[in-house]
Each structure stands twice: as structure tokens, then as C-alpha cells.
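I opened my notebook to look up a few things in this structure. Come along and check each entry against the picture.

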Amino acid sequence: MMTRRQMQSLMTAFGLMAGTRALAADNPFLGRWTGVLAAGAVRLTLRLEIDAKGVTLFSVDQGNARIPASRVAIEGERIKLAFAAIKATFEGALTDERHIDGTFTQGAPLPLRFTRGEVAEATPEPAYPPLMRELLNDKRLAAYTPGMAAAWSRGTQSEIFAAGARSSEDEIAVQMEDQWHWGSITKSMTATLCARLVDAGAIKWTTKVGEVLDERGSPVPAAYREATLLHLLSHRAGLQPNLDGINMVFYSRDPLPDPRAERRKWALAALKQKPVGPVGAQNVYANNGYIIAGAMLEQLSGKSWETLIQTELFTPLGLTNAGFGAPGRPGQVDQPLGHAVNGHKRKPMPVGPGLPTDNPVALGPAGRVHMSMADMLLYLRAHRDRPVSLLKGESWDALHTPHFGDNYALGWVVRPDGALWHNGSNTMWYGEVLVDAKTGTVAAACANDAAPDTMTAVGSVLMSARAAAKPV
């Protein structure tokens, strides 16, 4: 199954060229083909353009991100494609003159039907059984993941489920009150913090990077000067997704008394990278954008992002088990541990100084929050109920509205049915959340590893949690 995290790879791929053999003019695959890839809570429209020069894949829902095929093999009515930029393949066959049926693989395989033309055939969303603990445990066992938890809420009703172990190397069971790492689901929290400060007049959605982060004698590069807070939070600032791996090793993963200097250093390094395109032109999913937004808030407020989000979001919402980095105390298994993946094996990653158990501290605004399922439900219910005590109505609208013609709002993906969704992973955990204001339901699911099979299981469990919450 292609998960949202894997879909993020589609969003980051941009403008790459590939050399493939010219296709004959009578090749039956020539033309435009459109399909819908269903992955748990998310449905992604993909388009193939096949002409005499080669094959290009477009991610229609993500600003038509362009991904040329790195390898094309056509034998009769069968086609094999590779997309090196996103580490994906498609293998299929013509089942008639209007359809290519096959399998799209990016970490895990998903069935995909392409229909000739610009309109994909409607496919109903799969029916998911309501979540029960037995179902959660079955999904966990099938994915070889040590521990999983899920929760749902409708109105004031809620239910939390947990199954499995905190570590693959002991038998300490996960508990309903345990804390889970939520990765990039932190992004909607950072966006909500920005909205709080917009309401307070400390920043505007139109505030530009150059207005805040210029340094004497070292202005923000021209390519990014005009990028606004709204561009950053919508992945439209033209930024590279991350710093390259070699540079990331110079940033601390251990808690810092004051992370502002490291975060600003990261932000300025990101602003020195070559842009992937003009500001506003394309959705390119970038942790860097949220880190820069966090650095802007810090510059304007004089407070760290950690302090701001605690005082402006966690405390007002009553989140008592929210924090930063991998949960738990060093040397103990008092919370679930994240796990590295090797096939079906899971290696626990203990918490402690000098251990690579999470993203660097500087990356906090993009993906470093942990919290319990109960706290996550409180947070999701705030986005469902939109309390004016937290934000003005227009600020809730800004958070939940895509601003640039795709389906990405501010830290949220907007599904075709209007529900809000996002996922997150630090490569050792994986989680997904959903807010469906129309039915008054919210749901969350998480696991303490991030294998492809685990991502598949979490996506399925999330939809079963939603099914349990929806009114009959």
C-alpha cells in the first residue's frame, strides 16, 4: 500500500529529466492515462503522459508534480515503468483499449487502474469494519509491528485501543495512556500556533521571509525573499525538502536549553540551497518550510518554538502529556520505543543522550511532537469544533483551506469529502490522523515502527477507527 508518507515523496519530486528510448508511433500505450491510487484515508490522482519521447507521471492533486520515468519497458500489451526520483515502479497490462490494470509499488504494492483520457473511473472507497481491539491486534501482528494504538471520538464520546508491546525485546504491554511520536502531524500544530500569533498581531500570513530573517550584511537570497508565511506552511516556498544528510549530522538530537540558535542556523542553511522552483509555483513537501516558519516566530517573539507551542496551544487545550522528541526516560521502557526496521525484524531504539532516536531538535516545528492518544483526541476535536476561545473563525478557515489550488491546506491534506488528514514519521514511528467535521468524528492511529507493512496497517486501522466513530 502506498501511504501518505510515501505520497509525500511524490510531492517532493520535481523537474527531473530521464532518458528513455523513443516509442513507436503505433504503440498502443501512447496517449494520456489517469488513475486514482487509494491509500487508506487518501486518494491520489495520478496521470501518465506517454509519447514518442518517453513516459512522465504527474501527481495531479499535488500541483501536477512532474516525475519522468527513469526506465520504460514495453512488450506487447505489458508495460513496466520505474521512477527513480520517488523509488517507485508500475507494472501493468492493457486489459482493453481504454484501461491499463496493474500494480504501483512504492514501499508496498497497491492496485492501480489507468483509464485513457483525463478522467479516472470512479472507484468507491473500501468499506472498513469498525475498530475493535481484536482487529487492531490482528493488523499489528500481520505487520510485525511491536505496538499499535488507535482512538476515535464523536461528540463527547471516545474510545482508545492499544495492543502489543512497548519494545520488541520485552513483554511490557503498551497502555492506553502511553505517549506516541507523531512526526509530521506536528506541522498542523505549528500552523495552529502561527494562527494564534496572527490573531495576536505578532505576525501576518503575508509576512515575508526576507522581512524577518535578513541579517546585517547577509540578506535572505532573492529566490526566497518574497516567500510568505502562507507559502511556507503550504509547501509553496520553492524550498528543498530537507538539508542533505551530511549537513544534518551537525545538529543536536539531544534536548537543548534554548534551541533558537540551532533552528535559525538550519533555517539560514535551507535558504542557501538551490530552489526547486519559483515561489508559489509548485507544491514541494518541505520540512524546511516549517523550520523556517518556526525560526520566524522565534525571531519575532523572542521565545523558542517549544515555549510558544506549549503556552499557546498545549496549555490552552489541556494537553498534559505532550512533549518533544522520542517519549520516555533514558534507560527505561516506561513508554513505547521507536524501532528500526530490517525486513520483518524490529530493533528497539532506546532513549538517551547521544542516541539517534529522533529528528534533530532544530526540526521541531516540522515533526518532533509526542503525546498520548487522549491528548491527540483533544487536539483533533479542537480542529473539528473550531472553538473561538482558541482562534478566530477566519483563522480556522485559513488553516483548513488549500490556498494554491491543490489539496494541501496548512498542515492538513483536504480529502475529496472535506475531511482533514495527515500522517507523520521520524522513520521509527508512524501515525495518521483524521478530522471529519461533517460527521463530527475524529480518529488517530499510530505504531512504533515505520515499515511499509506497518504504514499499511496504520492507514487501515485509522479508517476502521473512523468507521467506529461515524453515526449509524
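Before the first entry, two terms: two strands pair if DSSP finds at least two bridges between them, and helices (H or I, at least four residues) and strands (E, at least two) are DSSP runs, numbered from the N terminus. The model is a predicted one, where local features need pLDDT of at least 70 and side-chain atom pairs count only at pLDDT 80 or more, while totals for chains, interfaces and linings use all residues. Residues are numbered from 1 along each chain as its sequence is written, and side-chain values use heavy atoms, with hydrogens and water left out.

**Entry: the nine-strand sheet**

I traced an open sheet of 9 strands in the order β4-β3-β2-β1-β9-β8-β7-β6-β5, with antiparallel pairing. The edges are β4 (65–68) and β5 (71–75); each has a single partner strand, so one side of each has no neighbour in the sheet. From one strand to the next, I noted a twist that averages 25 degrees (axes are lines fitted to C-alpha atoms, for helices over the stretch in contact, and angles run from 0 to 180 degrees between N-to-C directions).

**Entry: strand β3 and its partners**

I then followed strand β2 (residues 42–51), which is joined to β3 by 6 bridges and runs antiparallel to it. The two form a hairpin, with 2 residues between them. R47 has F58 in β3 as its bridge partner. With β4, β3 pairs antiparallel over 4 bridges, and S59 has A65 in β4 as its bridge partner.

How many residues of β3 (residues 54–59) are buried? I got 6 of 6, so the strand is mostly covered (buried means under 20% relative accessible area, exposed over 50%, partly exposed in between, with a 1.4 Å probe and protein chains only). In a regular strand, side chains alternate between the two faces of the sheet. In β3, I saw G54, T56 and F58 point one way and V55, L57 and S59 the other, all of them buried.

**Entry: the three-strand sheet**

I also found an open sheet of 3 strands, ordered β12-β16-β13 and paired antiparallel. β12 (179–181) and β13 (323–324) stand at its edges with a single partner strand each, so one side of each is left without a neighbour in the sheet. β12 is joined to strand β16 (residues 369–372) by 3 bridges, running antiparallel. The bridge partner of H181 in β16 is H370.

**Entry: two helices**

At what angle do the axes of α3 and α10 cross? For α3 (residues 186–199) and α10 (residues 305–317), I noted roughly 85 degrees, with the axes coming within 10 Å. That makes α3 roughly perpendicular to α10 (under 35 degrees counts as roughly parallel, over 145 as roughly antiparallel, 65 to 115 as roughly perpendicular and the rest as oblique). The residues in contact (heavy atoms within 4.5 Å) include M189 and L193 of α3 and W305 and F314 of α10.

**Entry: buried spots**

T357 lies in the loop between β15 (345–349) and α11 (364–367), and I count it as buried because its relative accessibility is 9%. Leaving aside neighbours within four places in sequence, its contacts include A326, M349 and N426.

C194 is buried at 0% relative accessibility, and C446 is buried with a relative accessible area of 0%. I found 0 disulfides in the structure (a disulfide is a pair of cysteine sulfur atoms within 2.5 Å).
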